[in-house]
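Reader: Please show me the structure. I would like to go through its strands and its ligand site.

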Amino acid sequence: MPNLTASSVNIVGGGIAGLISAAHLAKAGARVSLFEAASALGGRARTREVNGYFLNQGPHAIYLGGAFHRELVRLGVPVSGKRTQAPNPQGLWRGRLHTLPQGAASLLTTSLFNAGEKLTYMRVVKGIADGASGSGTFAEWMDEQKLTPRLRASLEALARVTSYTNAPHMVSAAAMLDQIRLGLKGVMYVDAGWASLVNGLADVAREAGVVLHSAARVEHVLVEGRSSRLVLVDGTEHLAEATILAVGPGEAAALAPPIASLKLEAAEARPVRANCLDLALSRWPDEARQFVLGIDQPLYLSLHSVAAKLAPDGGAVVHLARYMAPGEMPGSDAISELEGLADLAIPGWRALEVRRQELRGMIVSNAVVRADRARPDVVLADAGGLFIAGDWAGGEGMISDASAASAAKAVDAVQRWLRQSSTQAAA
Ligand SMILES: Cc1cc2nc3c(=O)[nH]c(=O)nc-3n(C[C@H](O)[C@H](O)[C@H](O)COP(=O)(O)OP(=O)(O)OC[C@H]3O[C@@H](n4cnc5c(N)ncnc54)[C@H](O)[C@@H]3O)c2cc1C
């Protein structure tokens, strides 16, 4: 990377996208200040620790072949945890549990499919693993596969568990198939929760010289020639040669109302949401199911502490979630539905509950990757010197991988911008 000494960059937002951008730019020599509204860094990747139990904001798994893992490795942030592989995972179909087909043996024995469906499932999943792609929506791609209702529901479940997206008629087939392929490569639950990754990123950023401001809410961003000025709610102002908005589309648009491209993205974004019940249990019953995926209902249950150090000895952390469809709002049964799933999978869990976290309608990703619309580029064509990063921006990956990939792209774009500025100044 070129040396950017004396160039100044402001970053709004201290989640994964903001921290990755800050660390890379400071390592390249820029003077970087990051402003986070909350009292702690991390955004949706925060973890709450209570009496030795670590609760992420809903179930979080890192994709081993994804951009977030790649950027952590590039920055030298340690990632400690284990690849997940629950014994005998279950699929929930019409109120009954069945072996979830994950490989040849489980496909052979599962009561979920008949013999013909087993062959078709094997062919379709192998086709995806081998690089199947499609144009249009994921629903249109599934139409072409001529699937029985059970097979179609199973593929929709596979799509939900790898992407959180419960929108087959909206999501891009190409992006969804890429995401399923990524999921098939394996995911990892992280020791001490995702806060350990946030802390690792913050350490690298600090060591590289980033000034990290928490409890520092930015109110406005003003573009002034080739510079941009942040105005904070406390009245302080911070001028820089470039600014990255590592916040959601609605927040970005509110920070810079005159920027039409941001207003458009805020209007077009269709958030991906989930209801979550995160449970800390004093012990895990031997007969409990460690992994259940809803086939005809958009539900998920997984014992994360079996793979990662998330609980004191003997204790357990299990995450339950409902993948919400676009426009769906949390109902009055948002949590009781998840408790019902726990009743089915974990006998006697109510007497073992130590702590819980309930999240209703949580934004998992700021925008569905749509078939009918490209994601915005990290460079704002109508605002020189302003850049965006987050799970709604750039063209690579979904959820945290999109945040990390867009952050890396924004870093490259900022460097190009700063080089142009210094060339113009020298001319
Ligand atoms: C329930 C759930 C489950 C998930 N599971 C997974 C998973 O398994 N795998 C995966 O890869 N991803 C998962 N994700 C997604 C992942 O958490 C997010 O994609 C990622 O954390 C987003 O990071 P970000 O930096 O783009 O945004 P955010 O984390 O939202 O960070 C934006 C930051 O900007 C700050 N901010 C906003 N406005 C201002 C302002 N005016 N001034 C200053 N600061 C401001 C906010 O406080 C926030 O900290 C999950 C998310 C949820 C909610």
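Reader: Which glycine in the turn of the hairpin formed by E12 and E13 has a positive phi?

Author: This is a predicted model, in which local features need pLDDT of at least 70, side-chain atom pairs count only at pLDDT 80 or more, and totals for chains, interfaces and linings use all residues. Residues are numbered from 1 along each chain as its sequence is written, and side-chain values use heavy atoms, with hydrogens and water left out. Strands are DSSP runs of at least two residues and helices are runs of H or I of at least four, numbered from the N terminus. E12 and E13 form a hairpin with 4 residues between them, and the residue with a positive phi, of about 90°, is glycine 235.

Reader: How many bridges join E12 to strand E13, and in which sense do they run?

Author: Two strands count as paired if DSSP finds at least two bridges between them. In E13, alanine 240 is the bridge partner of serine 228. E12 and strand E13 (residues 237-240) run antiparallel and are joined by 4 bridges.

Reader: Over how many bridges do strand E11 and strand E12 pair?

Author: Valine 223 has serine 228 in E12 as its bridge partner, and valine 218 stands opposite leucine 232 in E12. The hairpin of E11 and E12 has 2 residues between the strands, and glycine 225 takes a positive phi near 60° there. Strand E11 (residues 218-224) and strand E12 (residues 227-232) pair in the antiparallel sense over 6 bridges.

Reader: What is the order of the strands in the open sheet with parallel pairing?

Author: Strand E1 (residues 8-12) and strand E14 (residues 242-245) run parallel and are joined by 4 bridges. Asparagine 10 stands opposite threonine 243 in E14. The sheet has 5 strands, in the order E10-E2-E1-E14-E20.

Reader: Why is one side of strand E10 and of strand E20 left without a neighbour in the sheet?

Author: Strand E10 (211-213) and strand E20 (386-388) stand at the edges. One side of each is without a neighbour because each has a single partner strand.

Reader: Which arginine takes a positive phi in the hairpin of E7 and E8?

Author: Strand E7 (residues 90-93) and strand E8 (residues 96-99) run antiparallel, joined by 4 bridges. Tryptophan 93 has arginine 96 in E8 as its bridge partner. There are 2 residues between the strands, and the residue that takes a positive phi, near 50°, is arginine 94.

Reader: How far is an oxygen atom of the ligand from an N or O atom in the side chain of glutamate 36?

Author: A polar side-chain atom of histidine 60 lies 2.8 Å from a ligand oxygen, and a polar side-chain atom of serine 403 also lies 2.8 Å from a ligand oxygen. For glutamate 36, the distance from an N or O atom of the side chain to an oxygen atom of the ligand is 2.6 Å.

Terms used
A polar contact is a pair of N or O atoms within 3.5 Å; within protein, one must be able to donate a hydrogen and the other to accept it, and residues adjacent in sequence count only if both atoms are side-chain atoms.
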